[in-house]
Amino acid sequence: MTTRWLTPKEQRAWRAYMAATHLLEDAIDRQLQQDAGMPHLYYGILANLSEAPERKLRMTDLAEKSKITRSRLTYAVTRLEKDGLIRREDCQWDKRSSFAILTDEGMAVLERTAPGHVETVRAAVFDHLSAEQVQQLEEIGSVIARALEGDESTPRPTADELPWRRRSASPCSGS
């Protein structure tokens, strides 16, 4: 198989994308650590729960929404649970599963932190883009996500290829 090397234009685009994503993640993490004492990943978990009916999701669904492995989610939820921001509840119809539920305290932290988070995202990204570029960013991100998750034009990745579908070593963790 012949390697399809990136063209100089593709290489510049790739490096610009990588630099931007690393710098953006760092800026968001710094803001969230300062305002809420938590990394972006934990904030994302709280945000996903806040948008769910009854602020409650099965752990497997939360892992998929958060795009992380079940074992990493279990670790994060354990930390958030110790801080009183999330609680877990067993699933009554599936003994292997459990729910993560955003507590009132977790919702309060999210509401208190959200304005600074939005301002950081706006200042780092959207204040520098035209309306057309915002539309292009959405389209590009959506195309890449669909390709990586599998759509009509590409084969659906196996469970081992998508981190949030991977089973951890322990049969009960992350379920």
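In which loop is the place of T103? T103 sits in the loop between strand β3 and helix α5 (104-124), where helices (H or I, at least four residues) and strands (E, at least two) are DSSP runs, numbered from the N terminus. The model is predicted, with local features needing pLDDT of at least 70 and side-chain atom pairs counting only at pLDDT 80 or more, while totals for chains, interfaces and linings use all residues. Residues are numbered from 1 along each chain as its sequence is written, and side-chain values use heavy atoms, with hydrogens and water left out.

**The whole protein**

The protein has 6 helices and 3 strands, and from the N terminus on its elements follow the order α-α-β-α-α-β-β-α-α. Of its 175 residues, 31% are buried, where buried means under 20% relative accessible area, exposed means over 50%, and partly exposed lies in between (1.4 Å probe, protein chains only).

Strand β3 (residues 98-102) is mostly covered, since 5 of its 5 residues are buried. In a regular strand the side chains alternate between the two faces of the sheet. In β3, S98, A100 and L102 point one way, F99 and I101 point the other way, and all are buried. Two strands pair if DSSP finds at least two bridges between them. Strand β1 (residues 56-58) is joined to β3 by 3 bridges, and these strands run antiparallel, with K56 standing opposite I101 of β3. Strand β2 (residues 86-90) also pairs with β3 in the antiparallel sense, over 5 bridges, and there F99 of β3 is the bridge partner of E89.

**Around T103**

T103 counts as buried because its relative accessibility is 16%. Its side chain takes part in polar contacts (pairs of N or O atoms within 3.5 Å; within protein, one must be able to donate a hydrogen and the other to accept it, and residues adjacent in sequence count only if both atoms are side-chain atoms). A polar atom of the T103 side chain lies 3.1 Å from the backbone oxygen of L85, and the T103 side chain reaches the backbone nitrogen of G106 at 3.0 Å. Leaving aside neighbours within four places in sequence, T103 is in contact (heavy atoms within 4.5 Å) with R55, G84, L85, I86 and R87.

**Salt bridges**

Side chains of opposite charge can pair when their charged atoms come close. A salt bridge is a side-chain nitrogen of Lys or Arg within 4 Å of a carboxyl oxygen of Asp or Glu, and by this rule the count comes to 7 salt bridges. The table lists some of them, including the pair formed by D104 and R55.

| Residues | N to O distance |
|---|---|
| D104 and R55 | 2.5 Å |
| K56 and E89 | 3.1 Å |
| E89 and R87 | 3.2 Å |

D104 and R55 form a salt bridge. D104 lies in helix α5 and R55 in the loop between α2 (40-50) and β1, so the pair ties together parts that are 49 residues apart in sequence. D104 counts as exposed because its relative accessibility is 61%, whereas R55, at 22%, counts as partly exposed.

K56 and E89 also meet in a salt bridge. This pair links distant parts of the chain, with K56 in strand β1 and E89 in strand β2, 33 residues apart. K56, R87 and E89 are linked in a network of salt bridges; K56 is partly exposed at a relative accessible area of 23%, E89 is partly exposed at 29%, and R87 is partly exposed at 40%.
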